[in-house]
Amino acid sequence: MTATTASSSSTAATGRSWTCPFCPLSCDGFSVEAAPRPTLVGSDCPRAAAALSHFAAGPSSATARIDGRPADHQGAVAAAAAILAASRQPLFAGLATDVAGMRALYRLANGCGAILDHANGDALMHSTRALQDRGVFYTTLAEIRNRADLVVCLGTNATDHYPEFFRRTAPAVDAPERHVVFVGARVAASASGLGACTTEEIGLAGDVFDTAALLAARLAGRRLAGSDPAIEALVARMLTARYTVVVWESASLPAHGALVAETIQRIVNTLNRTTRAAAFCLGGGDGGYTANQVTTWLSGLPLRTGVHRRGLVHEPQRYATAQLLAGRTVDALLWVSAFSPELAPPATDLPLVVLGHPGLETAATRPNTVFIPVSTPGIGSAGHLFRADGGIVLPLAPIYEDTLPGVAEVAADIAAALSVVSSEGGAR
Ligand code: SF4
């Protein structure tokens, strides 16, 4: 797996260029003001504004907690290690962290045989399984900007959840004229970046899967009785476009969305026999792409893999967090949520360790819980995240220097404490 690092400052970002860590578009063309509260400058992105509202102008004074009572860092680390040491099958979930955090969590998982799943694991698996089963043609933000003359947004208007998508992919000065078709979605009134494009809205032919399957069949030349004229017109447009990009959103798909993802790839494959086409998946938020990429490069397998003592086991359905908790397949949960207090751990009575945003301190107050507040990459500390288009890694510059440790530091501390417990003949 290759990765390129985009250029950007890695020093404190106040009042100058800043890379936003709050969705996988990783916008790096705006700046941020730290005071009186962190504010994005140059964009009114509601997703970034909502995320920044959870931070003050300076570091948090949150402290670690054991069973809801304040504890020092070393005590909390020892308590977390004790929970993992006593567990026969721990689950590391949430995994909303950056590259360094995920690398350290993977090492910790090796030390205790944990299963790894992300908070957005269901959506991540749609694209991951399509990649595993059939291979994929994905494109980049820059390629869309420079080459796409037809963008088909299938079942999404892109901007509801990725507000800067069209501005990030707006046609370059010398790019071909672009037509954007929203299939089963309404163009958002607030969407910016569409000014140089013509747009069109058409309905789904059934649901998203029916529509993708119909497009795939018609593009492959199959005749179908009673086909929708709007779909027929779209097929004709795709066949004559020089570069079609099919945009889809993994979290908007139903269960078994991998079937839709694979059908979109069939559409792209068919078009590439005579012209040029690619897909672009909107997904991987809360560090999901980063967690998946890091796990894959370290283990050779994506998330929903158990780093068991008997070897690696990848179970894209069985190792879903909700299923593991409901079936009591795991007996301890380590939840990581460094970007937002809104990504709280699922309800469970299992022993619980939370490495989280300071606002999550009330998420672990019952007996047998440990909460350790962590710094947010791009806010209180530097870091790196993978962007939505796969191999691009963006450096994150902090707004202020945090007093809280990062996920990587805490995971390394727990791993060290766990190895002491193990060498002393603890519960494992
Ligand atoms: S679109 Fe995403 S990366 Fe860009 S500013 Fe908004 S939340 Fe941040």
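A residue is near a molecule or strand if its C-beta atom, placed from the backbone, lies within 6 Å of it. The model is predicted: local features need pLDDT of at least 70, side-chain atom pairs count only at pLDDT 80 or more, and totals for chains, interfaces and linings use all residues. Numbering starts from 1 along each chain, as its sequence is written.

**View 1. The shell around the ligand holds 13 residues.** Cys20, Cys23, Cys27, Cys45 and Glu164 come nearest. The shell divides into 9 nonpolar, 2 polar and 2 charged residues. Here Ala, Val, Leu, Ile, Met, Phe, Trp, Tyr, Cys and Pro count as nonpolar, Asp, Glu, Lys and Arg as charged, and the others, Gly among them, as polar.

**View 2. A cis peptide bond joins Ala35 and Pro36.** Its omega is about 0°. Pro36 is found in the loop between strand S3 (30-33) and strand S4 (39-41). Helices (H or I, at least four residues) and strands (E, at least two) are DSSP runs, numbered from the N terminus.

**View 3. Ala158 has a positive phi, near 70°.** Ala158 is not a glycine. Its place is in the loop between strand S9 (150-154) and helix H6 (165-168). Ala158 counts as buried because it has 26 C-beta neighbours inside 10 Å. The classes are buried (20 or more other C-beta atoms within 10 Å of its own), exposed (12 or fewer) and partly exposed (in between), with C-beta atoms placed from the backbone.

**View 4. Asp286 also shows a positive phi, about 55°.** Asp286 lies in the loop between strand S13 (276-282) and helix H10 (288-299). With 25 other C-beta atoms within 10 Å, Asp286 is buried.
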